[in-house]
Amino acid sequence: MIDLGDWKEPLEPLFRDERYLKIREFLKKEYSTRVVYPDMYDVFNCFRFTPFSEVRVVLLGQDPYHNAGQAHGLCFSVKDGVPKPPSLENMLKELQSDLGYPPPASGNLTKWAREGVLMMNTSLTVRAHEANSHSGCGWSWFTDSVISLLSERKERLVFLLWGGNARKKAPLIDGRKHLILQCAHPSPLSAYNGFFGCRHYSKTNEYLIKNGLKPIDWNLCDQTKGDNQ
């Protein structure tokens, strides 16, 4: 089992649950008979790179990228050297508009994960070239449980819910103790319907600073190299 650090204790009940055991059996067959992304050792990278004790922001995606070389266990992020998908390009355009940071050469967002942004897809795996192909295997139960766990056990988190699928998770979050920021998805199909101009990066930091917490360093151009684990 991959070392998940201080996530081990909060996630242990989920890993023992019969529903997770069914996910494991499903994935054993899928990885042995199909091409599945991300690599099996990267499936839980969102937890590996952002310790439970350090989560300040939760960014929800839907499905891992399903083309070769893209997915590495962090929503919206791609490995170094991989062309940035359109949604990620739009995220970086909004970052520049909001905070003035120019788009980085790499679309690897590992720095954000290490800053305290839990970058979790609501399905953690997918078949190659088949979007949403693992959405019915039980991942929704698992990731919904993680969202509820964070809402219950943490305080003053910022939840970034971009697009209809992510916004459906809002009822899982206690809005009295956390900030929920919602808008359209950064996809080219919807970015002009409310994602551009949402200023969620600066609003996140305003909330964190107001509550005595360290803001997120969103600048991706000052990192020497991404992390492809």
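How many residues does helix α4 have, and how far does it reach from its first C-alpha to its last? Helix α4 (residues 86–99) has 14 residues and reaches 20 Å, close to the 20 Å expected at 1.5 Å a residue; that expected span is 1.5 Å times one less than the number of residues. Keep in mind that this is a predicted model, where local features need pLDDT of at least 70 and side-chain atom pairs count only at pLDDT 80 or more, while totals for chains, interfaces and linings use all residues. Residues are numbered from 1 along each chain as its sequence is written, and side-chain values use heavy atoms, with hydrogens and water left out.

**Helix α4**
- Helices (H or I, at least four residues) and strands (E, at least two) are DSSP runs, numbered from the N terminus.
- Its buried residues (under 20% relative accessible area, 1.4 Å probe, protein chains only) include Leu88, Met91, Leu92 and Leu95.
- The buried residues of α4 pack against β2 (57–61), α5 (110–115), β5 (158–162) and α8 (200–210).
- Just after α4 comes Gly100, with a positive phi of about 85°.

- Setting aside neighbours within four places in sequence, Phe47 is in contact (heavy atoms within 4.5 Å) with Leu4, Trp7, Leu11, Leu118, Met120, Phe142 and Val146.

**Arg127**
- Arg127 sits in strand β4 (residues 126–127) and is buried, at 18% relative accessible area.

How values were computed: Buried < 20%, exposed > 50% of the residue type's maximum accessible area, 1.4 Å probe, protein only.
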